[in-house]
Each structure stands twice: as structure tokens, then as C-alpha cells.
Amino acid sequence: MVTARAPATSANLGSGFDTFGVALSHPADTVSVERAAETTIEVSGAGAEFIPTDPERNVVGAVADALDAPAHIHIDKGVRPSSGLGSSAASAAAAAVALNELYDRGYSRHDLVPVAAEGEAVVSGEAHADNVAPALLGGFTIVRSDDGATSIAADLSLVACLPEVVVSTRDAREVVPDSVSMADHVETVGNAATLTAGMCRSDSRLVGRGLDDPVVTPARAELITGYAGVREAALAAGATGVTVSGAGPSVLAVCEPGERRSVAIEMVEGFADAGVGARAYQTAVGDGATVL
Ligand code: HSE
């Protein structure tokens with residue numbers, strides 16, 4: 001048996017829609033695999049009841065198919081589905097790493113990015129690599145349209161606040177504008193470049209500033225009850241920047257390590273003020289998938 005762990009991730013980071021992602025030090029999914037004649041799947045943990053065990057409809061079934069690696073697969077979910085924290089990507093990445101090891105396929109983590117992205121397509125309909133890339137490679141990642149991915153290690157404190165609201169990925173993609181003005185394009189490029197420079201320097205001020213996004217985030221924020229208040233509360237508690245995590249509903253804040261606890265408390269309080277229950281993960285930029 002081989003067991004692998006892959007982390008939750010936060011895609012987009014505001015200015016890097018469908019491009020940027022970051023691995024979180026926790027939470028994470030754990031996937032165990034054993035050789036079998038055909039693939040079977042068991043799921044336990046956070047939100048397990050919402051995850052299909054039919055290999056045709058589960059990300060890890062698609063990953064096993066792509067690697068020609070049939071197995072009995074047990075997924076222990078640390079990352080709740082529909083959280084905006086890369087739940088299916090965590091399972092896909094952990095399964096890809098575990099099956100690669102079990103069958104001695106010899107693929108690199110970079111090779112496994114398109115494999116895990118294909119698994120993601122089973123559940124989301126589209127193969128976005130902006131969650132699977134950080135789940136596999138760790139750190140801050142930039143994915144390109146040719147499926148290539150670049151990873152940069154960064155030392156940065158984060159809070160990911162997960163409210164008890166449901167935002168469908170379909171709705172979250174429908175509100176994305178079809179086009180952008182040149183002024184918004186120029187602002188977005190400046191913010192994305194600032195964020196990238198901040199990641200290279202592990203500079204929370206630059207990263208927080210670079211999260212600003214005039215195009216996608218304002219539209220998506222409307223889908224998250226309490227977002228404006230939570231954002232204000234996090235900034236008042238010392239966060240250097242706040243944005244929607246992935247397609248939502250989680251909200252991501254960047255801060256200094258000493259402010260992390262108070263930012264987390266204030267974000268949960270901000271959702272409570274809007275009548276929404278929430279939990280906050282006090283986390284950091286973390287590593288990619290590992291064999292345990
Ligand atoms: N970049 C994607 C989105 C992440 O924001 O829709 C979720 O797959």
C-alpha cells in the first residue's frame with residue numbers, strides 16, 4: 001500500500017484568474033492505494049457523503065485510468081468539497097503521486113500536472129490546472145495555457161476562512177465578464193506582477209497589494225454573503241490583502257505571522273455579523289503532495 005498527502009490550495013489570488021495558485025500548509029487530503037484488478041473507491045472525512053464513489057464520476061478514478069493504474073483507493077478528505085480550497089485537486093494530486101509510486105511509473109511532479117488536471121475535468125467539466133499545480137508542486141504556482149507550470153517557494157502567512165454557504169462553480173464562472181477594458185487590463189497586469197515579485201521576496205505587503213483585481217473578484221464577491229464586511233474586518237485586523245479563494249466561497253487573507261490569529265477571529269466574526277457560520281484555517285504557503 002502507498003499513502004500520499006496533498007494540500008488544499010487557493011487558486012486565482014485575485015489578479016491571477018485561472019493562472020495563479022498557492023499550496024496551503026493545511027488542511028490536506030490523504031489518499032491510500034493498493035493494487036487491484038479494477039479501480040474501486042472509498043471516501044471518508046469532511047463532506048465524504050457528497051463525493052461519488054463511482055470511478056467514472058470521481059477525480060481519482062480518472063487519474064487511475066490516465067496512469068493505467070487500477071487500484072483500491074481510499075480517500076480521507078481534509079478539504080471539504082465546494083469550498084474554494086481545491087478539494088478535488090487535493091484528491092487528484094494525492095492519487096496521482098500515490099499511484100505513480102505504486103506502479104513505479106517514474107513521472108515527475110510536473111509530468112503529473114496535466115494528469116491530475118484531467119481528473120479535475122471529470123468533476124468540473126473543464127481541466128483547470130491552477131489548483132492541481134500547487135497541490136503537486138507546492139509554493140506559489142503560475143500555470144500557462146500550454147499546461148506548463150512554474151513553482152516559486154514563499155514564506156507567507158495566510159488565513160482561509162470557509163463560510164457555511166454554497167456557491168456553485170457554474171454560477172461563479174457565469175459571472176466572470178467576457179471582456180475587460182484596457183484600463184482594467186493594465187491594472188491587472190500591474191497587480192499580478194506586484195504579487196509575483198512579492199512571492200519571490202516573501203513580502204506580505206506586496207502580495208497583499210497584488211491580490212487586488214478589478215475584473216473577476218467584484219462580480220464573485222456578490223455571490224458570497226458577508227464578503228464586504230469580512231474583507232473590511234480582516235484588513236482592520238492587519239491583513240495586507242484579501243480576496244475570494246478560487247471560485248469561492250472561502251475568503252483568503254494574507255498577513256504577518258503575528259496578525260494571523262486576530263485576522264482569523266475577525267473574519268469568522270465578520271461572517272457571523274452577516275448571519276453566516278464559518279471556520280478559519282490559520283495556514284501558510286506550504287509544500288506540494290508527498291508520499292507518507
Ligand atoms: N480558476 C478557477 C475559477 C478555479 O476561479 O473558476 C476553480 O476551478
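Trainee: In what order do the four strands of the open sheet lie?

Mentor: This is a predicted model, in which local features need pLDDT of at least 70 and side-chain atom pairs count only at pLDDT 80 or more, whereas totals for chains, interfaces and linings use all residues. Residues are numbered from 1 along each chain as its sequence is written, and side-chain values use heavy atoms, with hydrogens and water left out. Strands (E, at least two residues) and helices (H or I, at least four residues) are DSSP runs numbered from the N terminus, and two strands pair if DSSP finds at least two bridges between them. With antiparallel pairing, the order of the open sheet is 8-9-7-10.

Trainee: Which strands are the edge strands of this sheet?

Mentor: An edge strand here pairs on one side only. The two are strand 8 (241–244) and strand 10 (278–284).

Trainee: Which residue in strand 10 is the bridge partner of V159?

Mentor: Strand 7 (residues 157–163) pairs with strand 10 in the antiparallel sense over seven bridges. In strand 10, the partner of V159 is Q282.

Trainee: How are helix 9 and helix 10 oriented to each other?

Mentor: The axes of helix 9 (residues 227–236) and helix 10 (residues 260–273) come within 8 Å and cross at roughly 155°. Axes are lines fitted to C-alpha atoms, for helices over the stretch in contact, and angles run from 0 to 180 degrees between N-to-C directions. Angles under 35 degrees count as roughly parallel, 65 to 115 as roughly perpendicular, over 145 as roughly antiparallel and the rest as oblique. The two helices, helix 9 and helix 10, are therefore roughly antiparallel.

Trainee: Which residues in helix 10 do V230, A233 and A234 meet?

Mentor: Contact means heavy atoms within 4.5 Å. V230, A233 and A234 belong to helix 9, and their partners in helix 10 are V263, E266, M267, G270 and F271.

Trainee: What kind of aromatic pair do F20 and F140 form?

Mentor: Rings of Phe, Tyr and Trp (its six-membered ring) pair if their centres lie within 6.5 Å, and planes under 30 degrees apart count as stacked, over 60 as edge-to-face and the rest as tilted. By this rule the count comes to one aromatic pair. F20 lies in strand 2 (residues 20–35) and F140 in strand 5, so the pair ties together parts 120 residues apart in sequence. The ring centres of F20 and F140 are 5.0 Å apart and their planes stand at 70°, so the pair is edge-to-face.
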